[in-house]
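Hello,

Here is the structure I said I would pass on. My notes follow below it.

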Amino acid sequence: MASAGEGRGVALRRTGFSVKRQTGFGVIAWLCFFMLYLPILTLVLFSFNADQSMAVWGGFSFRWYESAWHNQTVQDASLRSLQIAFIAAILATVAATMAALATTRGRAFRGEQAAYAMINTPLIVPEIVTATALLIFFASIKVSTGYTGLGYLIAAHTAFCIPFAYLPIRARLESMDLTLETAAGDLYATPWQAFRRITLPLLWPGIIAGLMLAFVISLDDVVITELVKSGGQDTLPTYMLGQLRRIVTPEINAISTVFLLLSVVIVTLFFLLSRQRS
Amino acid sequence: MTGDIVPEKPVRDAIEVRGVSKIFGAGEGRVAALDDVSVSIRENEFFTLLGPSGCGKTTLLRLIAGFDFPTSGQIMLHGEDIAPLPPFKRPVNTVFQNYALFPHMTVAQNIGFGLEMLGRPKAEIEARVAAMLKLVQMEKLAGRRTSQISGGQQQRVALARALAPAPKVLLLDEPLSALDFKLRKEMQIELKRLQHETGITFIFVTHDQEEALTMSDRIAVMSSGRILQVGGPRDIYDHPAERFVANFIGDTNFLPATVLSSAGGKARVKLASGIEIDAPLPAGFTPGSEVTVVVRPEHARLMREASTLNGTVENVVYFGTDTHFHVALDQGRGFVVRQQNARSGEAGVSAGDRVGIFVGDGAAQVLKD
């Protein structure tokens with residue numbers, strides 16, 4: 001009897017629903033991976049093409065990397081992209097850290113839910129709507145002040161990067177033991193000292209993760225940048241978009257590959273940091 | 001206001017809680033976590049706040065630490081009202097229930113944190129940390145991260161960290177509850193030793209009556225935001241003033257009785273069986289009052305002949321060190337007698353036997369309510 005019961009237990013465990021055991025699961029999974037990565041793989045492959053074609057292989061070469069490297073416009077666009085991403089990511093992370101502290105620490109305040117929603121709206125509002133709104137808004141400022149510098153792009157990037165920086169920081173804060181700060185206060189630390197010596201060091205991995213995520217998101221943006229930028233303010237993505245409308249050479253592939261590599265490195269760092277437990 | 005009426009006590013009180021109330025919420029959801037609590041805690045005392053969860057003991061501890069502020073009343077530390085001070089301005093340290101060790105610091109850095117915040121010179125901090133490590137026998141683990149040591153070791157670090165700045169009072173919030181039985185017993189002895197060696201006043205919060213009885217110089221039993229009784233472990237155990245105290249600490253038999261006469265804190269009471277005994281009596285009872293008398297199971301004696309109380313043995317439960325006899329009294333109540341087991345000479349009483357229960361003068365205690 002006992003063994004029969006056991007046998008049924010095993011059978012029950014086996015019949016528990018598992019998506020992995022459904023017919024066609026493997027096929028669909030591999031199809032998805034192919035759809036995602038095959039085009040990228042092709043792009044990377046043709047960046048090493050010696051020929052000018054993006055479809056016919058003409059031998060291996062670093063030719064397009066060299067030409068991209070020496071292309072002044074690419075250089076300018078890259079530097080501009082990095083500059084905007086760097087400043088916007090730092091500003092967004094500072095704002096996001098303060099927002100995360102305000103929405104997780106202390107007593108819940110009136111409108112906390114509303115504040116939370118407002119911080120995260122850039123994730124929901126269609127980008128083209130934000131971009132159009134910014135275009136119109138900044139246009140009137142441009143007219144009245146005459147300023148046409150990078151400030152507009154930095155401000156716009158900072159705004160839409162805030163929720164991306166906010167989420168990992170908030171997650172980190174929520175998993176933090178509040179009694180640690182209480183204990184610091186008990187041990188004669190003023191609230192500022194407790195923040196500096198306890199909260200901030202423990203929050204650091206979350207802040208770095210938020211910073212990197214914001215950096216990548218800013219680096220990658222096309223829609224808002226395209227509409228907000230003034231003349232001669234192409235970033236790398238908008239430059240590439242412009243190129244695709246004209247003569248297409250594997251130089252675009254080369255730039256994309258470097259871009260991809262940079263993103264992968266940053267995202268990997270983000271992943272490692274957010275996994276780090278203290 | 002009460003401060004004007006109550007005469008100043010000599011400074012041997014470390015902490016004096018004066019008429020403290022703590023109200024949470026307002027209107028319908030208004031809850032008094034502490035209801036006009038007053039208590040004095042002496043210097044160098046191991047004082048325990050004992051009660052079930054929700055009785056207000058942790059709230060009182062948090063008010064003394066400064067993590068919360070009283071709705072009304074004063075908290076005096078050596079005669080100075082500290083109730084409005086933030087925690088970092090009070091010479092009081094806490095051992096937290098979950099230890100709250102700083103995970104990004106080493107054991108030594110944790111212990112030195114308080115002194116560092118007080119701005120003490122580096123050499124002094126190092127010397128003090130070394131002394132603390134020695135005190136809790138953790139010298140070898142000074143450089144470890146707190147996540148790399150066991151629960152018992154974390155407990156010691158938490159103690160050392162709280163003791164390092166030499167606080168006037170050490171607060172302990174159920175610090176032993178996370179430890180397993182054997183380690184808990186060890187730490188009970190360790191805590192007593194630390195208190196003795198440092199001479200610091202300990203205020204210990206627990207819901208474990210046995211822990212309270214074995215460790216404390218004095219105990220305050222709390223229930224529903226009030227302190228019911230303050231006294232030494234023997235006092236609390238032998239002379240519980242209220243039904244709650246008698247029930248919460250140890251096992252007890254409750255018997256209805258009538259007061260015949262009282263003089264000098266002692267009363268002559270008549271039990272339902274018609275037998276009269278002497279028992280200590282709180283103030284405020286007049287002859288003729290119906291009262292409840294409590295008798296501890298080990299303070300009564302089982303007899304073969306008719307005695308103070310009489311009944312039939314219902315059940316005999318063997319506990320190793322002692323045996324519990326459950327007796328159905330003739331007046332219809334149950335009564336438990338506990339007798340220590342001797343190597344020879346078993347009680348020889350079994351279920352169904354007629355027995356007498358001898359309750360001597362002084363073995364019983366009259367309750368307030």
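Which domains does the domain assignment of chain B give? There are two entries: domain 1 covers 2–91 + 167–238, and domain 2 covers 251–366. Taken over C-alpha atoms, the centres of domain 1 of chain B and domain 2 of chain B are separated by 34 Å. Please keep in mind that this is a predicted model.

The rest concerns the interface of chain A and chain B. Chain A puts 19 residues into the contact and chain B puts in 25 residues. Between them the two chains bury about 2000 Å², with 68% of that area on carbon and sulfur atoms. On the chain A side, 40% of the area buried against chain B is supplied by A:Asp186, A:Leu187 and A:Tyr188, more than by any other three residues.

In it, the side chain of A:Arg197 meets that of B:Glu116 at 2.5 Å, N to O.

As for secondary structure, the elements giving two or more residues to the side of chain A that touches chain B are α8 (179–186) and α9 (191–220) of chain A. The largest share comes from α8(A), with seven residues. By residue class, that side of chain A divides into ten nonpolar, six polar and three charged residues.

Regards

Terms used:
Residues numbered from 1 in each chain as written. Chains lettered and ligands numbered in written order. Predicted model: local features only at pLDDT ≥ 70, side-chain atom pairs only at ≥ 80, totals over all residues. Heavy atoms only, no water. Domains from an automatic or database assignment. Contact = heavy atoms within 4.5 Å. Buried area = accessible area lost by both parts, 1.4 Å probe. Salt bridge = Lys/Arg side-chain N within 4 Å of Asp/Glu carboxyl O. Helix = DSSP H or I, 4+ residues; strand = E, 2+ residues; numbered from the N terminus. Nonpolar A, V, L, I, M, F, W, Y, C, P; charged D, E, K, R; others polar.
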